[in-house]
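I opened the notebook to record what I look up in this structure.

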Amino acid sequence: EKTTDLIKMWGRITNNMEGANKSITTFNQNIELITQKIDSATVGPRIFQDIGGLWTPGSNTLVNEVFSLLKTNNIAKEINGYAQISPEIIVEKNPQIIITVNPKFFLDNQAYKNVSAVKTGNVYTIESNSLSVPGPRFPNGIREIATIVYPDIFDNVENK
């Protein structure tokens, strides 16, 4: 919701409310499409995102809102904001999906060999940087994670 407020603000600043309103409509349509697709899902998998050096988004972050929207269980939700997490907590929380900038760090490290995501090969890198800035492309990043979390549901969904 705050993202659409930012788009409106930039529309006012650039004196292009027509473009801003069009971006907001497209943004909302894409979020609604994602929400409809996962409506039947009850509880998604445990998920962990490593943005580098075991730094991760916890509660009060936009990425955690994305994880909530996708009905996943962010293993770092007890953390406020962004913080570094210990390998022991990752092992203890046993994520089913890991999103990281460096998959080899987890896949080649014996400390993580019994983590569900590592055992099943569910360690991914997000291709785009759509989630790094809250703006019109943000739903693309949400969809990218949704495709990882729910590949059977999102195999044929395209952003507008």
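**Entry 1: helix α7**

Next I checked how covered α7 is. Ten of its twelve residues are buried. I listed them: F138, P139, G141, I142, R143, E144, I145, A146, I148 and V149. I then looked for what they pack against. I found α2, α3, β1 (46-50), β5 and β6 (123-124).

**Entry 2: the nonpolar cores**

I turned to the largest nonpolar core. It has 25 residues, and the members that touch the most others are I47, V66, L70, L131, I142, I145 and Y150. I note a general point here: in soluble globular proteins, nonpolar side chains tend to be buried together.

I picked L131 from that list and asked for its contacts, leaving aside neighbours within four places in sequence. L131 touches V66, I126, F138, G141, I142 and I145. Another core lies apart from the largest one. This other core has 15 residues, including I75, A76, I90 and V115.

**Entry 3: helix α1**

I gave α1 (residues 2-13) the same length check. Twelve residues at 1.5 Å each should span 16 Å, and the end C-alpha atoms are 16 Å apart, so α1 agrees with expectation.

Which residues of α1 are buried? I found T3, T4, I7 and G11. Seen down the helix axis, the buried residues of α1 fall within an arc of 100°, so they line one face. The general rule I keep in mind is that an α-helix has 3.6 residues a turn, so residues three or four places apart point the same way. On the other side of α1, I marked K2, R12 and I13 as exposed. The cover over the buried residues of α1 includes α2 and α3.

N15 follows α1, and its phi is positive, near 55°.

**Entry 4: aromatic pairs**

I searched for ring pairs. The structure holds four aromatic pairs. I looked at F48 and F106: their ring centres are 6.1 Å apart and their planes stand at 75°, so I logged the pair as edge-to-face. F48 sits in strand β1 and F106 in helix α5 (residues 103-107), 58 residues apart, so to speak of this pair is to speak of distant parts of the chain being linked.

Are F48 and F106 buried or exposed? F48 counts as buried because its relative accessibility is 0%. F106 is buried too, with a relative accessible area of 0%.

I moved on to F105 and F106. Their ring centres are 5.1 Å apart and their planes are at 85°, so this pair is edge-to-face as well. F105 is partly exposed, at a relative accessible area of 34%. Ring pairs join F48, F105, F106 and Y112 into a cluster.

**Entry 5: T61**

I looked up T61. T61 lies in the loop between β2 (55-57) and α3. With 6% relative accessibility, under the 20% cut-off, T61 counts as buried. Leaving aside neighbours within four places in sequence, T61 is in contact with G81 and Y82. I also took the distance from T61 to S128. They are 67 residues apart in sequence and 19 Å apart in space, C-alpha to C-alpha.

**Entry 6: confidence**

Last, I checked the pLDDT. The protein averages 88, and 95% of the residues score at least 70. Over residues 156-160 the pLDDT is below 50. Beyond near neighbours in sequence, that stretch has 13 contacts in the model. Where pLDDT is low, the predicted coordinates should not be read in detail.

Definitions and conventions
Residues are numbered from 1 along each chain as its sequence is written. This is a predicted model: local features need pLDDT of at least 70, side-chain atom pairs count only at pLDDT 80 or more; totals for chains, interfaces and linings use all residues. Side-chain values use heavy atoms; hydrogens and water are left out. A nonpolar core is a set of buried Ala, Val, Leu, Ile, Met, Phe, Trp, Tyr and Cys residues joined through side-chain atoms within 4.5 Å. Buried means under 20% relative accessible area, exposed over 50%, partly exposed in between (1.4 Å probe, protein chains only). Contact means heavy atoms within 4.5 Å. Helices (H or I, at least four residues) and strands (E, at least two) are DSSP runs, numbered from the N terminus. The expected span of a helix is 1.5 Å times one less than its number of residues. The arc is that of the directions from the helix axis to the C-beta atoms. Rings of Phe, Tyr and Trp (its six-membered ring) pair if their centres lie within 6.5 Å; planes under 30 degrees apart count as stacked, over 60 as edge-to-face and the rest as tilted. pLDDT is the predictor's confidence in each residue, from 0 to 100.
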